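Open the model in your viewer and keep the selection tool ready. We will go from stop to stop.

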Amino acid sequence: WRGHEGAPYSTLVPSDEVTINYRHGLPVITLMLPTRSERCQFTVKPVVTTVGAFLQDVQREDKGIERAEVFATDGNKVSDATLMEVLLMSDFKLVINNRAYSVSPPVKEKLSSEHATEMEDIKSLVHRLFVALHLEDHQIRKERELLQKLDYLKGELLPLEQMKTRIMDSADAKTSRLLWVGLALMSTQGGALAWLTWWVYSWDIMEPVTYFITYGSAMAFYAYFVLTKQDYIYPQAKDRQFLHYFYRKSKKQRFNVERYNKLKDDLAEAEESLRRLRQPLHLRLPIQEINDKD
């Protein structure tokens, strides 16, 4: 027999070293404590007790136990979150320090279908009561973790937000200047055409000039569409130019846009998780009523 890391255990102990009996409907696991050299019984509540909780009880009983794990018969490690009820359905290996105990749980008597349904209902009720009794502690612990995460994310975002504000102000100023320059150039062009039409040349001469200027403008707008795959709409063109200035300024000042966006997403996710966690605590309502209020 080898562990999940491939290292052989020094001893594979027969199954009679670890016995499982049922008393008053609850499994009682009896095993020899390696350091204290005495047998100890552990009464398990299979519906609510996990493998990890059982192993912690064993280690608390014998402080000399440095390692306690459970493996399936195929050598795969059993998760600590697995319920003891599931574990006791088949044979398994209990590893304490360097000794592996082969355990064969007794086969429970088959219940009638009516009795089995009643037992399943009782198990479901017990599980829901256990969750309800421990839910508030879990929520308080989870709320504390989320608040710590929010403080960390806000601390990381604060300098980035300040840098982003400066970059956005600079990009907005440049975009505004570009718009005013465009207006000035169009005004100059209109004034020059009027001056050439009425004071220097006649309309007969200037008409083809204005035609080619209009045709050239149409070609410029079409070229914009070919390059950007967007129509030349003034608000969209302004936003595009703003983003161009923003990313160019960000690159110069080494502002990591991807990291900023990731932190913002994590912050929004944490705030939403905290809101959903606090809502049933404050309202004390069932989930369905909470959803109706949303």
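Select residues 203-228. This is helix 4 of a predicted model. It has 26 residues. From first C-alpha to last it reaches 37 Å, close to the 38 Å expected at 1.5 Å a residue.

Stay on helix 4 and show side chains. Which of its residues are buried? They are M206, T210, Y224 and T228. Now step off the end of the helix. K229 follows, and its phi is positive, near 60°.

Next, colour residues 209-227. An unreviewed UniProt entry lists this stretch as a transmembrane region, along with residues 178-197. Residues 209-227 are 100% helix, with end C-alpha atoms 27 Å apart. Residues 178-197 are also 100% helix, and there the end C-alpha atoms lie 28 Å apart.

Now look for the largest nonpolar core, a set of 24 residues. Select I29, L31, F54, V70, F92 and L94, the members that touch the most others. Then show the elements around them. Those giving two or more residues to this core include strand 3 (26-33), strand 5 (68-72) and strand 6 (92-96). Which element gives the largest share? Helix 1 does, with four residues.

Zoom in on V70. Leaving aside neighbours within four places in sequence, what is V70 in contact with? The list is V51, L55, K77, V78, L87, F92, K93 and L94.

Last stop: select L153, F242, F246 and F255. They are among the 19 residues of another core, which lies apart from the largest one.

Terms used:
Residues numbered from 1 in each chain as written. Predicted model: local features only at pLDDT ≥ 70, side-chain atom pairs only at ≥ 80, totals over all residues. Heavy atoms only, no water. UniProt positions renumbered as here; feature names shortened; annotations may be inferred. Expected span 1.5 Å × (residues − 1). Buried < 20%, exposed > 50% of the residue type's maximum accessible area, 1.4 Å probe, protein only. Core = buried A, V, L, I, M, F, W, Y, C linked by side-chain atoms within 4.5 Å. Contact = heavy atoms within 4.5 Å.
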